[in-house]
Amino acid sequence: MTDLHTAQELLGLTSGLKSRRRRAQYRRAFAALCAGLAVFCALQVVANSQEQSTVLVASQQIDRGSRIRPSMVKLVSLPASALSAHLLTSKGQATGKIAQIGLTAGQPLLAQAVSPAPLLPTGATSVRLALASAPESLLPGQKVELIASTDCSHPLPPAPGSQQPPTSGQCLVAQQALTMQLPATADEQASGSKNAAGSTASGFTTFALQAEDALRALGLPENAAIIAVYQAPTANPQPSQQAARP
């Protein structure tokens, strides 16, 4: 009893008005503590019960047009959402494919963000060319026209409906050049890493060309400027009108 009485005196819980007020303060503090613990436990239950999904994200910055290597991506767990069904869920779904958009570190990969790497067509060869136009506007897999600023045996044809003769001083190097590899970016050159398509060539874009077009490209003068012109494929070309009956 002596010990209990001493403890009550130390806590200020002796009889009297002042003691009753102090007891009320202790009860309010204890109730607030219990309420805080209850909220914390409830949040933990909600967080643990939320469904998680494993998705593929970029582990580093990935430039548009880069061929994705395993070290460029990683798997992480994120809260499930309606978007989860459209995200890649394994490294095999992205490795070796081409990034269609620029990706920042930690960004989840949508299925539409990558596309298969182009394969060399049958009967074609690959040629590296230094373009005067901006190669970063292209993507591997796109077909382009290659035009050089010099005369050759294949001048540019006149525009459809034009009565002008073929353009002189310009050469149609290839009408269907398949873009295979893009030049290394400045960051890749600085780090010494391989470029978008696995090559270390700087300033050169690789195209798949038929043998005749490849020889024409390699035979151009060194000072000839070459540009790549992208022609979007037409989905459903309109049929030509039939000739009027006599």
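**Surface and salt bridges**

Mentor: The accessible surface of the protein chain is about 16,000 Å², and carbon and sulfur atoms account for 57% of it (Shrake-Rupley method, 1.4 Å probe; for residues, only the protein chains shown count as cover). This is a predicted model, in which local features need pLDDT of at least 70 and side-chain atom pairs count only at pLDDT 80 or more, while totals for chains, interfaces and linings use all residues. Residues are numbered from 1 along each chain as its sequence is written, and side-chain values use heavy atoms, leaving out hydrogens and water.

Trainee: How many salt bridges are there?

Mentor: Side chains of opposite charge can pair when their charged atoms come close. A salt bridge is a side-chain nitrogen of Lys or Arg within 4 Å of a carboxyl oxygen of Asp or Glu. By this rule there are two salt bridges. One joins the side chains of Glu212 and Arg216 at 3.2 Å, N to O; the other joins Arg216 and Asp213 at 2.8 Å, N to O. Through shared partners, Glu212, Asp213 and Arg216 form one network.

Trainee: Where do Arg216 and Asp213 lie?

Mentor: Both are in helix H4, three residues apart, about one turn of the helix. Glu212 and Arg216 are four residues apart in helix H4 (residues 211-218), so about one helical turn separates them. Helices (H or I, at least four residues) are DSSP runs, numbered from the N terminus.

Trainee: Is Glu212 buried or exposed?

Mentor: Buried means under 20% relative accessible area, exposed over 50%, and partly exposed in between (1.4 Å probe, protein chains only). Glu212, at 52% relative accessibility, is exposed, whereas Arg216, at 12%, is buried. Asp213 is buried as well.

Terms used
Helices (H or I, at least four residues) and strands (E, at least two) are DSSP runs, numbered from the N terminus.
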